[in-house]
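This report concerns the sheets of a predicted model.

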Amino acid sequence: MFIIKCPYCGERDHSEFSYGGEAHINRPKKPTELTDDQWAEYLFMRKNIKGIHYERWNHSHGCRRWFNMARDTSNDKIHSVYKIGEKPPV
Amino acid sequence: MAGLKLPLESKPLQALVSEPIKPIIDTVVMSNAVHAYVSQSDKGELVIGAGTDSYVSYTQKGTHEIIEGTIKAVLELYPIFSRLKMLRQWGGIVDICPDASPIISKTSIKGLYFNCGWGTGGFKATPGSGHLFAYTIAKDEPHALNAPFNINRFVSGDLVDEHGAAAVAH
């Protein structure tokens with residue numbers, strides 16, 4: 001269990017939020033030109049990293065807005081929260 | 001190292017054990033309707049299987065809301081358990097495929113085979129999958145039973161949708 005600081009509402013228990021998977025995966029610009037391998041890469045292949053993971057969250061029981069978060073998956077410590085469209089912190 | 005990507009994500013899966021009580025369940029009870037999973041050990045403890053957290057984590061703990069949901073479901077089936085105390089709880093990391101089915105497969109790399117991605121399943125399937133995996137390695141081709149669980153299904157689109165089939169949270 002951890003506390004997430006929603007960029008719009010402030011600190012809330014993480015049970016108010018929904019996980020939206022790995023962040024910064026862009027939908028292909030020309031989907032009709034993709035090979036099956038490229039589709040598989042886009043749909044299914046994830047970093048699954050042990051360490052700092054950039055991911056999307058939705059404040060589903062609050063403001064219902066999406067944002068991004070950098071969390072260390074080895075200890076669930078949240079390093080930063082940033083808005084959609086912003087560059088991930090280094 | 002082999003340059004091969006796997007469509008796996010790692011998530012904490014929890015289980016709980018209660019204080020011991022007199023024999024009351026003589027089999028594993030599972031309900032897909034409320035997603036309860038409970039059996040009783042020879043020592044009398046109830047062994048309760050919970051679900052996974054939704055997010056990637058290697059912390060080997062898991063969140064309280066998952067336990068809450070699991071206990072709620074067990075109490076739907078067995079209201080008499082409501083005053084039982086839980087003795088311990090733990091979390092293990094499971095590797096799970098996007099379709100919640102395992103990969104038991106040869107790969108594009110000669111001599112490299114995978115039996116992985118079991119997610120929340122696996123324990124009862126261990127002997128069977130071992131036989132099929134041995135067959136696959138010995139013959140360098142899958143047995144008819146594990147052919148659908150090939151690694152190429154994420155490219156071909158022939159997923160084995162256990163999420164849909166089991167109708168429970170994986």
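Val17(B) has Arg88(B) as its bridge partner in β5(B). The two strands concerned, β1 (residues 9-20) of chain B and β5(B), run antiparallel and are joined by 10 bridges. They belong to an open sheet of five strands in chain B, ordered β2-β3-β4-β1-β5 and paired in the antiparallel sense. At the edges of this sheet stand β2 (29-31) and β5 (86-96) of chain B; each has a single partner strand, so one side of each lacks a neighbour in the sheet. On average, and with direction ignored, neighbouring strands here are turned by 20° against each other.

Helix α1 (residues 64-77) of chain B packs on the sheet, where it touches β1, β2, β3 (36-40), β4 (45-52) and β5 of chain B. The direction of the helix makes about 125° with that of β4(B).

Chain A holds an open sheet of four strands in the order β3-β4-β5-β6, with antiparallel pairing. Its edge strands, β3 (18-22) and β6 (77-83) of chain A, each pair on one side only. From one strand to the next, the twist averages 35°. Within this sheet, strand β4 (residues 52-58) and strand β5 (residues 66-72) of chain A are antiparallel and joined by seven bridges. Tyr54(A) has Ala70(A) as its bridge partner in β5(A).

| Strand pair | Sense | Bridges |
|---|---|---|
| β1 (residues 9-20) of chain B and β5(B) | antiparallel | 10 bridges |
| β4 (residues 52-58) of chain A and β5 (residues 66-72) of chain A | antiparallel | seven bridges |

In general, strands of a sheet pair through backbone hydrogen bonds, in either a parallel or an antiparallel manner.

Notes: Residues are numbered from 1 along each chain as its sequence is written. Chains are lettered from A and ligands numbered from 1 in the order in which they are written. This is a predicted model: local features need pLDDT of at least 70, side-chain atom pairs count only at pLDDT 80 or more; totals for chains, interfaces and linings use all residues. Side-chain values use heavy atoms; hydrogens and water are left out. Two strands pair if DSSP finds at least two bridges between them. Axes are lines fitted to C-alpha atoms, for helices over the stretch in contact, and angles run from 0 to 180 degrees between N-to-C directions. Contact means heavy atoms within 4.5 Å.
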